[in-house]
Amino acid sequence: MNLILLGPPGAGKGTQASKIVEKYNIPHISTGDIFRKNISEGTRLGKKAKEYMDKGELVPDSLVIEIATDRLLEKDTEKGFLLDGFPRTVEQAVALDAFLREHGKAIDHVLDIDVDKDELITRLIGRRVCSSCGKTYHVTNMPPKVEGECDACQGELMQRADDTKGTVENRIEVYNRQTKPLLDYYDKLGNIAHLDGAIGLETLFAQIVDILGE
Ligand code: AP5
Ligand code: MG
Ligand code: ZN
């Protein structure tokens with residue numbers, strides 16, 4: 001099963017992605033996670049991506065397309081994949097379609113999760129991420145058992161560098177300007193489901209399973 005998760009920053013893409021990949025046993029491909037890994041390892045790609053990410057701007061298409069398509073050439077994607085945060089511009093979507101066609105593949109479902117702006121800001125400002133295993137929490141919506149500590153691995157919980165109020169607002173604007181046009185693109189192809197992400201995460205996951213099948 002080949003899937004795309006679309007939605008504004010903080011809609012819950014990463015949260016649902018963890019549950020989807022566990023149930024359907026497919027790899028989770030998040031371009032944001034790939035960039036953050038490169039930043040923490042201090043690679044050239046990381047340095048380049050950081051310039052854009054810290055401002056809440058998109059990393060240039062040419063760079064993202066290369067990273068994503070390279071990842072899609074890896075063997076574990078043969079059984080399917082879940083793209084989280086890619087594509088994010090019409091140009092990226094067109095490049096992805098051409099790549100998939102060339103490899104005899106197609107996207108089965110696009111899941112678009114939407115949440116209103118005030119709630120997105122609350123979610124992002126309150127998000128905490130485990131510095132060791134990457135598990136995501138929220139200070140009030142999904143607090144860890146012990147403050148500042150990951151339930152799963154006792155790692156230290158951190159705030160993402162781009163989860164500051166100013167950057168969050170710009171990320172939402174960038175989404176509206178550059179990513180929202182993609183909804184039209186997939187509406188025309190007819191394989192997109194629009195979901196309300198303001199509901200509880202388990203209810204939302206149940207709706208996703210209804211769409212994807214057991
Ligand atoms: P990326 O890492 O993709 O970030 P994003 O799109 O901004 O989305 P987030 O990860 O912030 O939100 P999410 O939807 O995953 O929410 P989450 O589940 O964590 O991209 C980062 C940057 O990298 C971009 O700005 C750009 O610079 C660059 N980049 C990446 N891909 C690119 C591309 N293709 N092209 C160009 N540039 C690219 O949830 C958020 C919070 O809400 C958490 O605290 C969670 O606990 C809570 N929560 C989740 N679900 C619920 C719920 N149902 N109810 C209540 N709380 C909830
Ligand atoms: Mg995410
Ligand atoms: Zn952890």
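At what angle do helix α7 and helix α8 pack? Point 1 takes this up. The model is predicted.

1. **Two helices in contact.** Helix α7 covers residues 165–179, and helix α8 covers residues 181–189. They pack at an angle of about 40°. Their axes are 5 Å apart. That angle makes α7 oblique to α8. On the α7 side, the contact is made by Tyr175, Asn176, Arg177, Gln178 and Thr179. On the α8 side, Pro181, Leu182 and Leu183 take part. Sorted by class, the contact has four nonpolar, three polar and one charged residues.

2. **The zinc site.** Look next at the zinc ion (ligand 3). Four cysteines coordinate this ion through their SG atoms: Cys130, Cys133, Cys150 and Cys153. The distances are 2.3 to 2.4 Å. The angles among the four donor atoms run from 97 to 118°. The site counts as tetrahedral because four donors qualify when all angles lie between 85 and 135 degrees. Along the sequence, the donor residues of the zinc ion (ligand 3) follow the spacing C-x2-C-x16-C-x2-C.

3. Cys133 has a relative accessible area of 42%, so it is partly exposed. The cut-offs explain the labels: buried means under 20%, exposed means over 50%, and partly exposed lies in between.

4. **Backbone points to check.** Most residues other than glycine have a negative phi, and most peptide bonds are trans. The peptide bond from Phe86 to Pro87 is cis, with omega near -5°. Pro87 lies in the loop between β3 (81–84) and α5 (90–102). Asn25 has a positive phi, near 55°. Gln154 also has a positive phi, near 65°.

5. **Where Asn25 sits.** Find Asn25 in the loop between α1 (13–24) and β2 (28–30). Its relative accessible area is 52%, so Asn25 is exposed.

6. **Where Gln154 sits.** Gln154 belongs to the loop between β6 (136–138) and β7 (157–158). Gln154 is exposed, since its relative accessible area is 52%. Along the chain, Gln154 and Ser132 are 22 residues apart.

7. **A buried strand residue.** Which residues does Ile29 contact, leaving aside its neighbours within four places in sequence? Start with its position: Ile29 is in strand β2. Its relative accessibility is 2%, so Ile29 counts as buried. The contacts are Ile34, Arg71, Leu72, Thr77, Phe81, Leu82, Leu83 and Asp84. Take Asp84 from that list. Ile29 and Asp84 are 55 residues apart in sequence. Their C-alpha atoms are 5.9 Å apart in space.

Terms used
Residues numbered from 1 in each chain as written. Chains lettered and ligands numbered in written order. Predicted model: local features only at pLDDT ≥ 70, side-chain atom pairs only at ≥ 80, totals over all residues. Heavy atoms only, no water. Axes fitted to C-alpha atoms, helices over the stretch in contact; angles between N-to-C directions. Helix = DSSP H or I, 4+ residues; strand = E, 2+ residues; numbered from the N terminus. Parallel < 35°, antiparallel > 145°, perpendicular 65-115°, else oblique. Contact = heavy atoms within 4.5 Å. Nonpolar A, V, L, I, M, F, W, Y, C, P; charged D, E, K, R; others polar. Donors = N, O, S within 2.8 Å, 3.2 Å for Na, K, Ca; no water. Tetrahedral: all angles 85-135°; square planar, octahedral: opposite > 155°, others 65-115°. Buried < 20%, exposed > 50% of the residue type's maximum accessible area, 1.4 Å probe, protein only.
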